[in-house]
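Biologist: I'd like to learn how to read a few features in this one. Could you take me through them, general idea and then the case at hand?

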Amino acid sequence: MRSLRIGMISFAHLHAVSYLQALMQRNDIELIGIADENKERVEPFIRQYGLPYYADYRELLASDADAVIISSENSRHAELTIEAAKQKKHVLCEKPLGISVEEMRRMIEACKENGVQLMTSFPNRYIPMVIEAKQAIERGEIGRVAAVKATNKGEMIGGWFNDRALSGGGSIIDHTVHVMDLLNWMLRSKAVEVYAEAGSLFHGVDIDDAGMVHVKFANGVIAALDASWSRTRAFPYKRDLTMEIVGTDGVISIDYFAQINEIYSEAGGYAEWSYWGDNKDELLIDDFITCLQEGRPVSITGEDGYRSTVIALAAYESIRLKKPVKL
């Protein structure tokens with residue numbers, strides 16, 4: 001079996017670097033190059049790994065690549081995915097899948113019509129403690145799930161993330177989709193109602209950097225999520241992912257970033273946490289490639305990306321209307 005030929009489009013999103021590192025560890029793929037209109041952004045990686053550079057992503061898509069990884073600004077996901085599908089390339093697209101319902105449907109349909117797979121980048125599904133929690137729920141170990149309290153807090157990265165035209169929103173769209181994908185996957189129930197509050201509390205910017213999102217699921221589960229950019233520069237680790245899953249017979253607590261070493265150094269001036277746990281981005285890339293190699297459906301589909309993002313979009317509608325929104 002010949003090596004898969006993979007191209008990368010845009011390094012606008014920070015995850016592109018870890019995806020590249022995961023790809024370079026494999027000997028069964030050929031990384032054919034990086035496309036990015038901003039050469040300065042990708043120059044260090046082109047030079048380090050000796051990779052071809054494409055100023056125009058269409059030139060990369062015209063190659064004999066089998067698949068592409070898209071890590072662009074959120075507003076460009078639809079354009080890039082649809083063009084890749086037309087060129088018969090499988091796609092791994094960074095989250096959120098899109099910034100509107102209509103464009104996400106077009107992305108999914110374009111991939112179906114052209115016989116290529118669309119995978120949404122949700123690496124949190126590969127965290128071993130999350131997988132075990134899902135299995136424990138399915139075994140009935142905590143009875144019927146009644147409620148979930150979750151946090152997905154992080155730092156404000158700035159740049160295009162603060163530009164609604166490019167990002168689709170602030171911390172709510174950035175962080176809600178991760179947790180809602182996990183809940184859609186673990187609970188296997190449709191979200192039916194969303195109520196949200198948001199504000200700009202931490203950074204003095206005109207975009208939501210704080211948000212509370214409440215979701216009702218068809219099976220009766222109530223979920224509450226703190227989706228914010230509330231981590232300051234001095235905080236030892238820049239993000240978190242916690243879930244407290246409350247059942248009628250028990251509770252499961254998840255704290256992904258608890259797998260850390262604590263470092264106290266006069267040189268740094270403040271405490272630091274050195275993460276030693278599983279590399280979820282690497283696990284995501286490995287699964288994407290394995291699915292393509294084995295000719296089986298990808299594990300996290302475009303529809304999965306759609307289902308999580310519509311919850312974030314409904315949260316913004318709830319904020320606008322100041323009332324719950326039905327899905």
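Modeller: F161 counts as buried because its relative accessibility is 5%, where buried means under 20% relative accessible area, exposed over 50% and partly exposed in between (1.4 Å probe, protein chains only). Before we go on, this is a predicted model: local features need pLDDT of at least 70, side-chain atom pairs count only at pLDDT 80 or more, and totals for chains, interfaces and linings use all residues. Residues are numbered from 1 along each chain as its sequence is written, and side-chain values use heavy atoms, with hydrogens and water left out.

Biologist: How are the rings of W160 and F161 arranged?

Modeller: Rings of Phe, Tyr and Trp (its six-membered ring) pair if their centres lie within 6.5 Å; planes under 30 degrees apart count as stacked, over 60 as edge-to-face and the rest as tilted. That rule gives three aromatic pairs here. For W160 and F161 the centres are 4.0 Å apart and the planes are at 25°, so this pair is stacked. W160 is buried too, because its relative accessibility is 11%.

Biologist: And which ring does the charged end of K134 sit over?

Modeller: A charge sits over a ring if NZ of Lys or CZ of Arg is within 6 Å of the ring centre and within 35 degrees of the ring normal. K134 has its charged end over the ring of W185, 5.1 Å from the centre. R105 lies over the face of Y306, at 4.8 Å from the ring centre.

Biologist: What about packed helices, such as α5 and α10: at what angle do they cross?

Modeller: Two packed helices are described by the angle between their axes and the distance between the axes. Axes are lines fitted to C-alpha atoms, for helices over the stretch in contact, and angles run from 0 to 180 degrees between N-to-C directions. The axes of α5 and α10 (residues 302-321) come within 10 Å and cross at roughly 180°. The two helices are therefore roughly antiparallel (over 145 degrees; under 35 is roughly parallel, 65 to 115 roughly perpendicular, the rest oblique). Contact means heavy atoms within 4.5 Å, and the residues making this one include R105 of α5 and Y306 of α10.

Biologist: How many residues of α4 are buried?

Modeller: Helices (H or I, at least four residues) and strands (E, at least two) are DSSP runs, numbered from the N terminus. In α4 (residues 77-86), seven of the ten residues are buried, among them L80 and I82. Their cover includes β1 (4-9) and α5 (101-113).
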